[in-house]
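Me: Could you walk me through this structure with a few questions and answers? I would like to follow along in the viewer.

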Amino acid sequence: MSSVAEEVHHDDDHHDHHHTPGIKRWLYTTNHKDIGTLYLWFAFIMFLVGGAMAMVIRAELFQPGMQIVEPNFFNQMTTVHGLVMVFGAVMPAFTGLANWMVPMMIGAPDMALPRMNNWSFWILPFAFLILLSSLFLEGGGPNFGWTFYAPLSTTFSNDSTALFVFSVHIMGASSIMGAINVIVTIMNMRAPGMTYMKMPMFVWTWFITAFLLIAVMPVLAGAVTMVLTDKFFGTSFFNAAGGGDPVMFQHIFWFFGHPEVYIMILPAFGIISHIVPAFARKPLFGYASMVYATASIALLSFIVWAHHMFTTGMPVVAELFFMIATMLISVPTGVKVFNWVATMWRGAMTFEVPMLFALAFIVLFTIGGLSGLMLAITPVDFQYHDTYFVVAHFHYVLVTGAIFSIMAAAYYWLPKWTGKMFDIKLAQWHFWCSLISVNLLFFPMHFVGLAGMPRRIPDYALQFADFNKWISLGGFAFGLSQLIFLALLIKACRKKGDSVPARVWEGAEGLEWEVPSPAPYHTFETPPVIK
Amino acid sequence: MSRGVYKWATLLFSLLSTSVFAEGKSMPLNLTKGASDISAQVYDLHMIIFIICAVIGVVVFGAMFVSMLLHRKSRGVTPANFHESTTVEIIWTIIPFIILIGVAIPAANTLIAMEDPSEAEVSIVVTGSQWKWHYKYMDNDVEYYSLLATQQEQIYNKFEKGENYLLEVDRPLVIPTGKKVRFLITSDDVIHSWWVPAFAVKKDANPGFINEAWTNVNEPGVYRGQCAELCGKDHGFMPIVVIAKDPADYQIWVDEQQAIQLAAKEEEQKLLAMNMEMDELMSVGEKVYTSSCAACHQGSGEGLPGIFPALKGSPIALGDVSKHIDVVVSGVSGTAMQAFGKQLSLKELAAVITYERNAWGNSTGDTVQAKDVNAIVKGQ
């Protein structure tokens, strides 16, 4: 596919002088690899913080009755858990991967806008500092769910809502800048000969994701701003008494919110489309159809938002439209899954840790996708809506989907980043413990939901007790399993382990495997030529 | 060391094996057919789409596992190099498409039937507020609030939990069987959602707007549900209980309720001429406070700082009586403070205001009488 100029073999001392020593290196850095590392560590820390909140939730739900926290604090936990995981863990992790990999995959020396890159990362910790510190205020932090439906988030919320709004604004600004950077980089800095239809799938999926981000993050900013003015400045966007409409909030929120869920899964599709061919030693089946399927999913994601709102009392025609549009999305998504299976078919597979995570992704994400198809059927959605069935569904697509893909990506590229093979034994422990516990955690939720347990309740009727006990145990085990990952990452960052060659995995294809391991501080200062 | 492990293992095992409830009520693992024709149709749709999903899952994962078994490098296979086939791509785009059309048609039919509340024989206005339901029968003079009946002591693990823990209310909704019953659903404050799984009815209660839903229940019985939309602190504590009676029993119940509510109104008029003693006001007031006020302002009167204001030592509870009455009767717009004027009787209002002015060291010594409250209500 490619030939790489010898320039990549710099002497080490040539680029060492780019490092400012100590903390300033990280504060001032404009290097895509440094910023990628910052994003990834930040995401991992937020993953642990959000996970700790999930542990509080599961501890309270371990038994019926109120034991550990008060209902109001429970609501803060569900709210901030959601916000931290979506905006603090999954999205920054993908941005970190894009920072590290997109320039290396397209043969560019860095991101197109390096100073903005630094800025878009460094405002994030402050956004989350604001959000998390609001939990310690009198009256507590946001307690209206991560979806912050009005008027619960306006008239009926406490003053910390202002901090919530401000922190979401900062997160949005960070995401938009990150997206602009990805688009500008991909459009302008591809190596000679790399046409659009030769771009690696991860680059393609991120390219499309970045457009989604630019389209919908401003909508979210609009929604939180309207919440702010409704609460503090006497406007009535969402207040019927002043001529507004609380359901309009949900339309605006989900117009952001549905593309947002694809923002969190399209890059995952890209990652899996790299890992499966690498370990099946066979090219990706249907590259072109993968690109078109991704683009169709992205376009359709703009016309399905109201499937989150079937119970709000929409006209029946609107319900039919959103039901059918939602069902349509399963067609291109199905194409992707079929293509991955066809890629494996008659390959020569091996099952290294990245592949294990990728295979688990395909099965478990598909389970989440199929329950999504069930949720699309409006009359039945009336029964599923706002129950644990929905909780099961979106955790299958987000945890065993997005987060498993991020872990697969971390294991796939970690040796390239550090130059050392990670601790394979620990990695396998991490995989198997996560796989078993995550299913114990989320699979029974389907049954609990079908039996009628609403979501976001701190206490429940007695018939749900046995299942919730097991769910909580699965949750604790999944939480603990991530500490194995933490240990492995610390070990990897301390450069323990065997050195690896440039092409770490036998079947891996792409420019990132042409540069030495660890990838030098600067790569592709002279662009490679793609034949 | 090993003894410690053993101790923990025993503890864990005993935690897992003890069933927390006495009756051993088991949880269904699936949706149920419910109590109406529509809910049975919804159940059928659920099973159709579930079976389709299961079959797709078996085929896809089956192919994947076969491939993982056969096409592994350790078996010495050489990888093929095929990576494109327009025919295959078209096939697996078209087939799911056809399956989806097959599901969409029956789903659309059921949906259209569910969303047609016309020609209802009984209409009931269902109003959610933090954290209770209000039912008003359109065709009769019957209306009342329905509150969680489970004791706080059960919730906080001081008493043993009863069979219908968190799914029991003081005054259930009563509807007739075999008649189309229409629900007009709205809210006084935030968005709630009225959900009875056995009817396959879940409809949001939006403040300022009215949604419609309906059911036609086949069998008499008790049907339980819960609020399904996060509505604040006690979202988990506003259940729904519906009793379906056959039409004759239903009519008896309605007549009875009408008589009771009429008598209560007459009683209220008499009260206007009487004065109640402090002791009586305080004891009635404490009961009313516990059921209507304590969820926010707390039993201690201290509220939740930053969310719900304290009444203990508050300027309103210690200040001008008529201002205090006004706040309780009309609520405070732009806040979570509800208007209790329509929720409580004059006697209850008088008692609870007296209680708030004299409990927790708020020793104003004021007694408030029904006629004082009435003066404020009428003055508006």
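**Sheets, rings and domains**

Reply: In chain B, 5 strands make an open sheet with mixed pairing, in the order β3-β2-β1-β5-β8. Strands here are DSSP runs of E with at least two residues, helices are runs of H or I with at least four, both numbered from the N terminus, and two strands pair if DSSP finds at least two bridges between them. This is a predicted model, where local features need pLDDT of at least 70, side-chain atom pairs count only at pLDDT 80 or more, and totals for chains, interfaces and linings use all residues. Residues are numbered from 1 along each chain as its sequence is written, chains are lettered from A and ligands numbered from 1 in the order in which they are written, and side-chain values use heavy atoms, leaving out hydrogens and water.

Me: How many bridges pair β1 with β2 in chain B?

Reply: Strand β1 covers residues 122–129 and strand β2 residues 132–137 of chain B, and they pair in the antiparallel sense. One bridge to look at joins B:G128 to B:W133 in β2(B). The number of bridges between β1 and β2 of chain B is 6.

Me: Which residue stands opposite B:Y135 in β3(B)?

Reply: β2(B) and β3(B) form a hairpin with 4 residues between them. These strands pair in the antiparallel sense over 5 bridges. β3(B) is mostly covered, with 4 of its 5 residues buried; buried means under 20% relative accessible area, exposed over 50%, and partly exposed in between, with a 1.4 Å probe and protein chains only. The residue opposite B:Y135 is B:Y144.

Me: At about what angle does helix α5 of chain B run to β3(B)?

Reply: Helix α5 (residues 247–271) of chain B lies across β1, β2 and β3 of chain B, where contact means heavy atoms within 4.5 Å. The helix α5(B) also lies across β4 and β10 (239–245) of chain B, at about 135 degrees to β4(B). Its angle to β3(B) is about 90 degrees.

Me: What is the strand order of the open sheet that has β4 and β7 of chain B as its edge strands?

Reply: This sheet has 5 strands and mixed pairing, with β4 (173–176) and β7 (201–205) of chain B each pairing on one side only. Neighbouring strands are turned by 25 degrees against each other on average, direction ignored. Within the sheet, β6 (residues 192–196) and β9 (residues 221–227) of chain B run antiparallel and are joined by 2 bridges, and B:W194 stands opposite B:C227 in β9(B). The order is β4-β10-β9-β6-β7.

Me: How many residues apart in sequence are the parts tied together by A:F62 and A:F476?

Reply: The whole structure holds 67 aromatic pairs over all chains; rings of Phe, Tyr and Trp (its six-membered ring) pair if their centres lie within 6.5 Å, with planes under 30 degrees apart counted as stacked, over 60 as edge-to-face and the rest as tilted. A:F62 and A:F476 form a tilted pair, 6.5 Å centre to centre with 35 degrees between the planes. A:F62 lies in the loop between α3 (32–60) and α4 (71–106) of chain A and A:F476 in helix α17 (residues 465–493) of chain A, so the pair ties together parts whose separation in sequence is 414 residues.

Me: Is A:F62 buried or exposed?

Reply: The relative accessible area of A:F62 is 14%.

Me: Which ring does A:K282 lie over?

Reply: A charge sits over a ring if NZ of Lys or CZ of Arg is within 6 Å of the ring centre and within 35 degrees of the ring normal. In chain A, the charged end of A:R190 sits over the ring of A:Y196, 3.9 Å from its centre. A:K282 lies 3.8 Å from the ring centre, over the face of B:F82.

Me: What distance separates the centres of domain 2 and domain 3 of chain B?

Reply: Chain B is divided into domain 1 (31–114), domain 2 (122–245) and domain 3 (272–379), with bounds from an automatic or database domain assignment. The contact takes 10 residues from domain 2 of chain B and 11 residues from domain 3 of chain B. Taken over C-alpha atoms, the centres of these two domains are separated by 26 Å.

Definitions and conventions. Axes are lines fitted to C-alpha atoms, for helices over the stretch in contact, and angles run from 0 to 180 degrees between N-to-C directions.
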